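These are my notes from one sitting with a structure. I wrote down what I looked up, in the order I looked.

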Amino acid sequence: MVVLNRHAKVEEEYCGLLGGGNASMNGATNTKSAMRHTAPAIARDSRFSTAILVCGVFLLGVLYGSHSSSNSSNNAVTTFPFNVAATLKSTTPRDVHVGSMCRCGSQKVPMPDVNKELISLYHQVPKNPLDMSIGGQDTRVIQPPSKATGSDPKRFLHHPVEGCQCFDGDGRIMPEPTSDQFMSKLSRDYFLRPNNQCQESEAESQFNWDQMPDFGVEDLPIFVGVLSFKSPLSLNNTLHNWLKHNLFHRIAAQDVMVQLNHRSQEDDEIMYDFQKKLNNRHPMTILGDEEENLHPGLAISNFCRRAEQHPSSHPNGENLVLFLEKDWIIPDGSGKLFYLESIFRSAIALSQRGVPYVSLRSSQVDGSKSWRCPAEGIGWRCTTAHQHRWTNHPVLISCNWFLRYLEPFVLLNDPIMYCGSSSVHRKRNGYCDWEEALQDGRVAWTNSHWVMAHLGNTGGGPLFVHHEVDK
């Protein structure tokens, strides 16, 4: 076995640097059981400092890279240039299951055939991020822990796609041409073009061009967050609509959190009857009280922080929240119901490819200001926050993005956040019209360039439509 190392002295010097300062790592985040607009809870990182531990976990690459390469054909591993202390052999990496990249050149749309093992993984409820019983090919890539990637080392396991098709598109999904002279040639033939010697390298590799791992996309847990305000009839109608279409099961929701603003006796009766009908088929958490009135931003913040404390949470907090207000139903005739699972697998991929806001409704901007951004065989249109306003429509939100960039505005307990064009909002002391605050510039949205994806109505009509029963 060949392991790329430097002299042990480098390791000693590096560990000495860590030991000489106040080395620390972020621990688990603790939050209060509920967040209120009158007294927002701010989670503080717990920290601990141990030079040996910090040095050891950072240098973990060689140990696991060496161990996992024992079954490889060429027995060569690229790792960090340090040796790992024998005392760290008990540290267990987290398995990250990834599929293959499916990519096509100009004027073509990639359509992957998803690996069946990956599909079963995506459908797990509850999820166990440390479960190593699932299959997959060892890529021999062990990523040491870091502040950027989390406190656990990661071992990447590859589930090759059954196939990858490149086609011209249809009414639901269309290609986005490129003018780049190299990207337009993207293909296996271009990879194996004469004089680049890649054919010989591929013959010696455990991979081939058609089955390169997509290291950046893994399964992420989805949590459903429902917001209701004095609308028990709409809430009841919507919950039964979602149950009828088996929404929670089909998207593998790890929990359904229902925030009842100004919670009433009628709300409790409806939730009690619905949970009886649900019959423990899916986890559900009921939140709110008679006085609590969380605006959408604060509700999303609360959902994300509760997701972090959930047993099925992603180890690094990379959770997704499907935010739904109480009156968004799935129409019976929606053609998108036939490929609902594929839509959400595609949305999970988008959330890890630079799109933290994935709307399940159509875009409201001029087509010239948006572009086609298909993912995993599903058609989307993308635009930026500078071109498209925030809406409280059904949306899949990346929690680590929301907590990092938007939660500080949620926690801004100041009168400037409590004004609005509606007299109703002005009368609600301490209530922020979150949607309007994003539109008028009080929240950093319009000056940002976050990428937003929208599902659109082609390919079976809208997935969600607005239907309010309470008037």
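Entry 1. Is the link of Cys 102 and Cys 164 right-handed or left-handed? I looked up the angle about the S-S bond, which is 80°, and the link of Cys 102 and Cys 164 is right-handed. I note here that the model is a predicted one.

I then looked up the sulfur atoms of Cys 102 and Cys 164, which lie 1.9 Å apart and form a disulfide. A disulfide is a covalent bond between the sulfur atoms of two cysteines. The cut-off for counting a pair is 2.5 Å between the sulfur atoms. By this rule I have four disulfides to record.

Entry 2. Where in the chain do Cys 102 and Cys 164 sit? Cys 102 is in the loop between E5 and E6, and Cys 164 is in strand E9, residues 163-167. The two are 62 residues apart, and the pair links distant parts of the chain.

I checked accessibility next. Cys 102 has a relative accessible area of 16%, so I put it down as buried, the limit being under 20%. Cys 164 is at 33% and counts as partly exposed.

Entry 3. I moved on to Cys 304 and Cys 399, which form a disulfide with their sulfur atoms 2.1 Å apart. The angle about this S-S bond is -80°, and the link of Cys 304 and Cys 399 is left-handed. This pair, too, links distant parts of the chain: Cys 304 belongs to helix H10 (residues 296-309) and Cys 399 to helix H12 (residues 399-405), 95 residues apart. Cys 304 is buried at 0% relative accessibility, and Cys 399 is buried at 1%.

Entry 4. I looked up Cys 373 and Cys 382. Their sulfur atoms are 2.1 Å apart and form a disulfide. The torsion about the S-S bond of Cys 373 and Cys 382 is about 90°, so I marked the disulfide as right-handed. Both Cys 373 and Cys 382 are buried.

Entry 5. Cys 419 has a relative accessible area of 37% and is partly exposed. I also looked up Cys 198, which is partly exposed at 21%.

Entry 6. I went back to Cys 102 and found it in the lining of the second largest pocket. Which residues lie nearest the centre of this pocket? They are Cys 102, Arg 103, Cys 104, Pro 110 and Pro 374, out of 26 lining residues. The lining divides into 14 nonpolar, five polar and seven charged residues. Strand E6, residues 109-113, gives the largest share of the lining, three residues. The space in the second largest pocket is about 650 Å³.

How many bridges join E5 to strand E8? There are five, and E5 and E8 (residues 154-158) run parallel. One of the residues I traced was His 97, whose bridge partner in E8 is Leu 157.

Note on methods: Residues are numbered from 1 along each chain as its sequence is written. This is a predicted model: local features need pLDDT of at least 70, side-chain atom pairs count only at pLDDT 80 or more; totals for chains, interfaces and linings use all residues. Side-chain values use heavy atoms; hydrogens and water are left out. Two strands pair if DSSP finds at least two bridges between them. Helices (H or I, at least four residues) and strands (E, at least two) are DSSP runs, numbered from the N terminus. On a 1 Å grid over the protein atoms alone, a cavity is a set of points where a 1.4 Å probe fits but cannot get out, and a pocket is an open set with protein on both sides within 12 Å along at least five of seven lines; lining residues have an atom within 4 Å of a point. Grid points are joined across faces, edges and corners, and a volume is the space filled by probe spheres set on the points. Ala, Val, Leu, Ile, Met, Phe, Trp, Tyr, Cys and Pro count as nonpolar, Asp, Glu, Lys and Arg as charged, and the others, Gly among them, as polar. Buried means under 20% relative accessible area, exposed over 50%, partly exposed in between (1.4 Å probe, protein chains only).
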